[in-house]
Amino acid sequence: MSTVKEQLIENLIKKDKTSQRKITIVGVGAVGMACAICILMKDLTDELALIDVAEDRLKGEMMDLQHGSLFFHTPKIVSGKDYSVSANSKIIIITAGVRQKVGETRLALVQRNVDIMKSVIPALARHSPDCKMLIVSNPVDILTYVVWKLSGLPVTSVIGSGCNLDSARFRYLIGDKLGVHPTSCHGWIIGEHGDSSVPLWSGVNVAGVVLKSLDPQLGTDSEQDNWKNIHQQVVQGAFME
Amino acid sequence: MSTVKEQLIENLIKKDKTSQRKITIVGVGAVGMACAICILMKDLTDELALIDVAEDRLKGEMMDLQHGSLFFHTPKIVSGKDYSVSANSKIIIITAGVRQKVGETRLALVQRNVDIMKSVIPALARHSPDCKMLIVSNPVPLWSGVNVAGVVLKSLDPQLGTDSEQDNWKNIHQQVVQGGYEVLRLKGYTSWAIGLSVTDLVGSMVKNLSRVHSVSTMAKGFYGIKEEIFLSIPCILGQNGISDIVKLNLSSEEEALFKKSADTLWNIQKDLVF
């Protein structure tokens, strides 16, 4: 008795099911799921894998994304507690880790998150020996170092999300002050993703016009126009992570 | 003493700050925020307004989106407890309401949410008299229309979707009805699928596409419905809201199930106080 599918569809060849640009996200908390929805909305992957220890939550998040499949172009979404679900990933995004408690510095939560990485990273590297790992968990700079050591991957394949967000916040705030879109405001923050991050005031410019050439006190305590506060807002904003 | 801005930028004209396709989202819970991120990622609006009663949460959500401004193309994101923040919206998305408890049917939480609507809707309508409101809340599957590339599946298996079918398609509808409940049980709520779905509707309206969507509208006069019930039927959606309704050829079983769905709703609606 042939099924509806057999009556409907004539198969021609055996399909190669290997994904070409698989992405795995480890940790399905708010950060991991924000990454997931944005990656799906930007058509960046043909297979999305989610990993977490909380099995019910994990399955619920996977199903909630799958139920939206009509609206995006990522045909395969999988999940599991077992790291084998990440096999063959081009990119693995690590968001797993305990959250900063209010008042706790990023550095203070290091040891807790190092122990999590020890249990997670070696298995991921084994299943995707050619992947690039993108570390988001905090304190990101130290954890990126730890992940590099634990993974055995080349140093160029382990990337900490770092001050990419700080720089984005910086550009948003500069843009808001000038009435210009952030993409037209250029400014970089380097160093620790945290309290000691360094705003490069000497490079902040719009259309190549360096703001510090207009006000040499820019970003210092003696400035008139309160630009230094922008960097403070960036550092403070990060405390919400 | 001229500011850096004055030295950098020569202003030519006073900018008209009126937004052309403003969208307001009422309720910044998981559903509201899923709608927000999807709408931002699809470039559907030039101004996004968020409204909620929880002021700290509201401000936090607004700031979290604003901090991502480098990565999208919506230049203005505002928020507030006061409904005036919604003024001049083209579309208002209502996600506010209490959450379903596990085991609670969608219908059971109605009266709780009706009272919330009474406090919210009139002010919104006053501030945006020309808006379209999209109500997000918590169906009879039309098997005769299910097709792949125009081949109607029910013509291949006339038992499709009934209890006597061989191939377990009816289970798909059960999964659709149960799916929301299962996600609710597993993660505590649903957000992504509904956010994507709402954004799909917003897309049809903002871009005036006249696409057909199964959305809830006044069904009185169709399919034997005599009361002022809102039910989902295929509607043509564009910048004027619901401009047309598609007239389905329901089989007698489908029409009976649809009427049953309408009766279920009417039994709740007739007792509502507001």
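User: Which residues of H2(A) meet which residues of H2(B)?

Analyst: A:Ile37, A:Cys38 and A:Met41 meet B:Ile37, B:Cys38 and B:Met41; meeting here is contact, that is, heavy atoms within 4.5 Å. Helices are DSSP runs of H or I with at least four residues, strands are runs of E with at least two, and both are numbered from the N terminus. A word on the source: this is a predicted model, where local features need pLDDT of at least 70, side-chain atom pairs count only at pLDDT 80 or more, and totals for chains, interfaces and linings use all residues. Residues are numbered from 1 along each chain as its sequence is written, chains are lettered from A and ligands numbered from 1 in the order in which they are written, and side-chain values use heavy atoms, with hydrogens and water left out.

User: How do the axes of H2(A) and H2(B) lie, and at what angle do they cross?

Analyst: They come within 10 Å and cross at roughly 35 degrees. Each axis is a line fitted to C-alpha atoms over the stretch in contact, and angles run from 0 to 180 degrees between N-to-C directions.

User: Is the crossing of H2(A) and H2(B) left-handed or right-handed?

Analyst: H2(A) passes H2(B) in a right-handed crossing.

User: Why is the pair B:Lys187 and A:Glu61 called a salt bridge?

Analyst: A salt bridge needs a side-chain nitrogen of Lys or Arg within 4 Å of a carboxyl oxygen of Asp or Glu. The closest N and O atoms of B:Lys187 and A:Glu61 are 2.7 Å apart, so the pair qualifies. Chain B and chain A have three salt bridges between them.

User: How much area do chain B and chain A bury between them?

Analyst: About 3,900 Å², 73% of it on carbon and sulfur atoms. Buried area is the accessible area (1.4 Å probe) that two parts lose on being put together, summed over both. In chain B, B:His67, B:Leu70 and B:Trp192 lose the most area to chain A, together 18% of what that side buries. The contact takes 41 residues from chain B and 45 residues from chain A.

Methods. A crossing is left-handed if the near helix is turned anticlockwise from the far one by less than a right angle, and right-handed if clockwise.
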